[in-house]
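I opened my notebook for a friendly walk through one model. Here is what I looked up, entry by entry.

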Amino acid sequence: LWFLNEIFSADYLVYTSSDGDDARKICETKRIDLVIVNEESTMIGDDTAISFLKKNLQTKHIPLILLSSNNDLSDDAVLNESGADAYIRKPFNVDYLKKRVMLMLKNKEYLKEYFSSSLSSFELLDGQLIHQEDKQLLNQISDVDKVKLL
């Protein structure tokens, strides 16, 4: 925790916790942009902080990086299925971790901008922009016509 705090505190507001319940409270009560979890064998499964964050409607949008000390490649599937958006093996390169954090935060901003814009509501269909809801209605009408024709 101390090391991660040292790495990121100059550029970001950092909250640290060594307790899963405390980390959950922080994520629910503060505006959190990214979570870094130090993996331990007890951190992966259904009753973990990762699982809680990724299943909770208030927190599942938060990008999550899992730092893993496990160097057994056979456990890659377990780590990938943990719910983390990325995992990095320890010992890690500090510059690489900083770059991953920066890119994940940028991607989050790009998605936020996209879904806040009208572009996310429209689709290009036969050279014309059509609203997603209008397309869905046209598809439903088309499906009804197909049923009538049969």
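Is D85 buried, partly exposed or exposed? I found D85 at 43% relative accessibility, so D85 counts as partly exposed. My scale calls under 20% relative accessible area buried, over 50% exposed and anything in between partly exposed (1.4 Å probe, protein chains only).

**Ground rules.** I am working with a predicted model, where local features need pLDDT of at least 70, side-chain atom pairs count only at pLDDT 80 or more, and totals for chains, interfaces and linings use all residues. Residues are numbered from 1 along each chain as its sequence is written, and side-chain values use heavy atoms, with hydrogens and water left out.

**Confidence.** I checked pLDDT, the predictor's confidence in each residue from 0 to 100. The protein averages 78, and 69% of the residues score at least 70. By element, helix 1 (residues 2–8) has the highest mean, 93, while helix 4 (residues 76–80) has the lowest, 62. Helices (H or I, at least four residues) and strands (E, at least two) are DSSP runs, numbered from the N terminus.

**Salt bridges.** I asked for a side-chain nitrogen of Lys or Arg within 4 Å of a carboxyl oxygen of Asp or Glu, and the count came to four salt bridges. D85 pairs with K54, with the closest N and O atoms 2.9 Å apart. This pair links distant parts of the chain, as D85 sits in the loop between helix 4 and strand 3 (86–89) and K54 in helix 3, 31 residues apart.

Next I looked at D33, which meets R31 at 3.4 Å, N to O, and K108 at 3.6 Å between the closest N and O atoms. D33 lies in the loop between helix 2 and strand 1 and K108 in helix 5, so their pair ties together parts that are 75 residues apart in sequence. R31 counts as exposed because its relative accessibility is 60%, whereas D33, at 30%, counts as partly exposed.

**Pocket.** I then turned to the largest pocket, with a volume of about 1,200 Å³. A pocket here is an open set of points on a 1 Å grid over the protein atoms alone, where a 1.4 Å probe fits, with protein on both sides within 12 Å along at least five of seven lines; lining residues have an atom within 4 Å of a point. The lining of the largest pocket holds 39 residues, and Y15, T16, L34, V35 and I36 lie nearest the centre.

Technical notes. Points joined across faces, edges and corners; volume = space filled by probe spheres on them.
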